[in-house]
Amino acid sequence: MNLTLRVWRQPHPTAKGKMVTYKVSDVSPDMSFLEMLDVLNEQLILSGDDPVAFDHDCREGICGSCGLMINGYAHGPEQTTTCQLHMRSFKDGDEIDIEPWRSGGFPLIKDLVVDRSAFDRIIASGGFISAPTGTAPEAHATPVPKKDSDAAFDAATCIGCGACVAACPNGSAMLFTAAKVSHLGLLPQGQPERDARVIKMVAQQDAEDFGGCSNIGECSAVCPKGISMETISRLNHDLLGALRANAVPAS
Ligand code: SF4
Ligand code: FES
């Protein structure tokens, strides 16, 4: 396949960015999208140019670092990660626009790389349980209904990629926060800190430069792990309950 790429180039956060056009040829349909970018970068390095900076690590859909807007869609035309997107989803002669996640909550570092540490701060504010160290408890000592363990596991599959934020017209991080709140809040081990967790994590999300959720649903439609809108309902339910339970009575 021969392709024309229009790639966002921006050498540093305060520089003026622009789309730059490149041609790549002999791209195999079996290459991943990131391998196609490797081909472009080899070309750029051989011609003495600065390679395109893009984020990646596992290249198998589990680390969440490879977020790109491809032709205006988070992670491109398939509901998957960019590393799991293959060039057979495109055709010979295609023109492909490649941009970074665009959100106030994810400031740009260089080219296609953004800073997603706001997600780390949301997790650090409450996305954990406190447990005494020592001998592990017997696994069957804490029964968990199958329905709850399945729902908790589904929420726990969130890889923190940020596609939900990038796709949302409001730039909201609600689906991510809801997944992290849910996967602990559904389990017995998550109960002692359940109220404090949801209050603190939503407060931290609001303190970052993300927008509010207005139930549009683009987040769930692009989520590579299929995190559902029901997760957001669960967060709202937990948050209201926690605020009521912890409300200071009017004097
Ligand atoms: S909810 Fe989905 S889209 Fe959002 S960070 Fe998690 S895995 Fe990515
Ligand atoms: S590189 Fe890890 S999910 Fe794509």
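## A guided tour: sheet, helix pair, ligand shell

Start with strand β1 (residues 3–9) and strand β5 (residues 95–99): they run parallel and are joined by four bridges. Helices (H or I, at least four residues) and strands (E, at least two) are DSSP runs, numbered from the N terminus. Two strands pair if DSSP finds at least two bridges between them.

This is a predicted model, in which local features need pLDDT of at least 70, side-chain atom pairs count only at pLDDT 80 or more, and totals for chains, interfaces and linings use all residues. Residues are numbered from 1 along each chain as its sequence is written, while chains are lettered from A and ligands numbered from 1 in the order in which they are written.

**The sheet**

β3 and β5 run antiparallel, with two bridges between them. Select Ile70 to see one: its partner in β5 is Ile98.

Go back to β1 and show β2. Seven bridges join these two strands, which run antiparallel. Leu3 stands opposite Val24 of β2.

Show the whole sheet next. Five strands form an open sheet with mixed pairing, in the order β2-β1-β5-β3-β4. β2 (18–24) and β4 (73–74) stand at the edges with a single partner strand each, so one side of each has no neighbour in the sheet.

Which helix lies across β1 and β2? Select helix α1 (residues 33–46), which runs at about 95° to β2. Axes here are lines fitted to C-alpha atoms, for helices over the stretch in contact, and angles run from 0 to 180 degrees between N-to-C directions. Two residues are in contact if their C-beta atoms, placed from the backbone, lie within 7 Å.

**Zoom out**

Of the 251 residues, 34% are buried (20 or more other C-beta atoms within 10 Å of a residue's own; 12 or fewer is exposed, in between is partly exposed; C-beta atoms are placed from the backbone). Among contacts between residues at least 6 apart in sequence, 69% join residues at least 24 apart.

**A helix pair**

Select helix α3 (residues 146–156) and helix α5 (residues 174–185). Their axes come within 8 Å and cross at roughly 145°. Which residues make the contact? On α3, pick Ala152, Ala155 and Ala156; on α5, pick Ala179, Ser182 and His183. By class, that is four nonpolar, two polar and no charged residues. Ala, Val, Leu, Ile, Met, Phe, Trp, Tyr, Cys and Pro count as nonpolar, Asp, Glu, Lys and Arg as charged, and the others, Gly among them, as polar.

**Just past α5**

Now select Leu186, in the loop between α5 and α6 (194–207). Buried or exposed? Leu186 counts as buried because it has 24 C-beta neighbours inside 10 Å. Leaving aside neighbours within four places in sequence, Leu186 is in contact with Asp148, Ala151 and Ala152. Leu186 and Ala152 are 34 residues apart along the chain, yet their C-alpha atoms are separated by 5.8 Å.

**Last stop: ligand 1**

Select ligand 1 and the 14 residues around it. A residue is near a molecule if its C-beta atom, placed from the backbone, lies within 6 Å of it. Cys158, Cys161, Ala163, Cys164 and Cys223 come nearest. α4 (163–167) and α5 are the elements that give two or more residues to this shell. α5 gives the most, with three. By class, the shell has eleven nonpolar, two polar and one charged residues.
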